[in-house]
Structures are given as structure tokens and as C-alpha cells.
Amino acid sequence: MNNLTCIWDAKAELGEGPVWHEEEQALYWVDITQSNLHRFRFDRDGNQYSHSWHFDGQLSSVVPAKQNGLFATFASGVFHISLNTQKKTPIQLIEQDITNNRFNDGSCDTQGNYWFGSMNNNQTSETGSFYRLDNSGQLNHLEQLGQSTITNGPTFSQDGKFIYFTDTLAKTVFQGCLNQDNDITEIKPFILFGDNDGYPDGMCVDTEGFLWVCHYGAGKVSRFNQQGECVRTINLPVPNVTKCCFGGKTLNTLFITTAINGMPKEEQADYPLSGGLFSIDIEQQGFVYPPCALSR
């Protein structure tokens, strides 16, 4: 199967964070630089619909909320956002004392907790950290995951036993083991990107436990088995591939976000679909994490 299609030529500066909303049968994703939230969906007749909202504050990731709306990371922490009113409600303000940091990628785990990471906005210092906001409202600074200039991920295996997270500039994807209490018991390097692989960015896991990783700067998405070996590559007609997730009625569609960020005008002309949202139907199937159960 090879029907890779640009389904939304959005010209996103920094397209990121695709997440499938099972109840709405819709895909949400963001443009971090423009602080825009996008939604893409099909109706019963197969017609495509897209809509966008702007929120101040450098929106970087979203996850469905169990009680309507979305939880989201902005530069200053975690908020609840209502699409009906476009109201932002602060949940946790974090890293207010760290100059030039902002939040980046984020995801729910299999228990509905919200995991996310920060990064250095100038990409010059290792000031980025990972956090977990539990259903109880407790914020956990995950110091055992280390500090990075740019954090990406995390994502989780379907059985909840493994976490994957990335130190992007170190070109390394790590695997950690999770126990029943969500404690990380072991961390090891899982994938090391080579000179021609670009930088590891966002990722997701399929039902077979294989990891799909986006290559920022190398124009592809790769599938890795449980030994960290690349078993498949999907090439895209753009260089900056940022994150992927499964969605669609049967969860066999891989949605992929891309970015214009950092591309000179000449390069943008060579890759006119940069910043677009892509999809491809594949043999493998994904799964949907439960909505974030954090109470407001």
C-alpha cells in the first residue's frame, strides 16, 4: 500500500502533535510557531473538513480531555482549552523561572496521564525536561529522564510496559520500562540516528509494538522493531517530518505532520508541500490512548 497524500496543504511553520480523537473521529494537530490548533475530519460521505483556531501562548501539544475540550501545553505550562468559547484555563504553570524555555511534545499514556517535555527555545542549552501530570493533579518532574536541549515524545506501548522518548539533538531515542505504578525502572538507548538520518522527532507505536519515528531533516518516517532495527521506511516529498499518529475508522491510517521551519525560500520552492498534513493507509494498525482524565 502506498497512497501517501498531502491531505491539507496548510503551510504550517512548525506542524506538530497529531492526535486522533476517537469520539469525534477527527485528527487534531498544531502549528507551534503560529500557535494554531487544526482539526481535520471526514464525514460519512467521505468529504473532508478542516477548521483552525488561534490561541495565544505558543500552543505545542493537545490531548482529548475526558470531560470535553482538550488539555494542551503552551510555553508556560498546561491549560484546558474549550473550542466553543476559545477559553484557556490554566492547570499547571511550570518552569516560569527558566528563561527561553517552552514546552514541546506531549502525549497521554495508557492510564490517561499527560506526559510532556520542555525545550530550550534557542536550541543552545540543555534546559529541557520531561514531566508527567497525573490524574490526581500531581505534577512529577521526571529527572531520571535527564535534560536535553530539545525533548520529543514521549509515547507508549499498548500494554503500558514501555515508554519511548527522544533527545533530538543527541540523535537518540530511548526506551524505558514502566511498572504498574508508572515508575520508570530502566532506561537504555534504543535507536541512534546516523549521519544521513536527520534528527529523531515525534513518534508513535503500533499494535505489534513497533515504533514509528519521524526524521526531521531527512524526509521520512521509519518503523523499528522491538530490537531497534529499521524494518520499513516511508519517504515524504518534504524534508522536515515532525510527528505521526494512527487514526481513521480502522486505525490503519498514519497521519504525518511536517514543517517549513528553518527552510530558506529557495528550499521551500523545491519542496512546496512543506508544512502540509500527510496521510497514508498501511497494513499495520494503531491504537488510541484514553482521553486525559485530569480533573479541572
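Mentor: Accessible areas come from the Shrake-Rupley method with a 1.4 Å probe. In this predicted model, the protein exposes about 12,700 Å², and carbon and sulfur atoms supply 42% of that area.

Trainee: What share of the 296 residues in the protein is buried?

Mentor: A residue is called buried when its relative accessible area is under 20%, exposed when the value is over 50%, and partly exposed in between. By that reading, buried residues make up 56% of the 296 residues here.

Trainee: How should I read the overall form, and which elements build the protein?

Mentor: Begin with the elements, which are 1 helix and 24 strands. Then turn to the radius of gyration, where a compact globule with 296 residues would have a value near 19 Å, and the protein, at 17 Å, agrees with this. Along the principal axes, the C-alpha atoms fill a box of roughly 45 × 45 × 40 Å.

Trainee: How much of the contacts with a separation of 6 or more comes from residues 24 or more positions apart?

Mentor: A contact means that heavy atoms lie within 4.5 Å of each other. Among the contacts in the protein with a separation of 6 or more, 47% are between residues 24 or more positions apart.

Trainee: Could we follow this idea at a single residue? Where does N135 lie?

Mentor: N135 belongs to the loop that joins β12 (130-133) and β13 (139-141). Its C-alpha atom is separated by 5.5 Å from that of A293, although the two residues are 158 residues apart along the chain. Leaving out residues up to four places away in sequence, N135 touches Q111, G112, N113, A293, L294 and S295. The side chain of N135 also reaches the backbone oxygen of Q111, at 3.2 Å.

Trainee: How many positive and negative side chains does the protein have?

Mentor: The protein has 19 positive and 33 negative side chains, and the centres of these two sets lie 6 Å apart.

Terms used. Residues are numbered from 1 along each chain as its sequence is written. This is a predicted model: local features need pLDDT of at least 70, side-chain atom pairs count only at pLDDT 80 or more; totals for chains, interfaces and linings use all residues. Side-chain values use heavy atoms; hydrogens and water are left out. Helices (H or I, at least four residues) and strands (E, at least two) are DSSP runs, numbered from the N terminus. The radius of gyration is taken over C-alpha atoms; the globule rule is 2.2 Å times the number of residues to the power 0.38. Buried means under 20% relative accessible area, exposed over 50%, partly exposed in between (1.4 Å probe, protein chains only). Lys and Arg count as positive and Asp and Glu as negative; His and the chain ends are not counted. The place of a charge is taken as NZ of Lys, CZ of Arg, CG of Asp or CD of Glu. A polar contact is a pair of N or O atoms within 3.5 Å; within protein, one must be able to donate a hydrogen and the other to accept it, and residues adjacent in sequence count only if both atoms are side-chain atoms.
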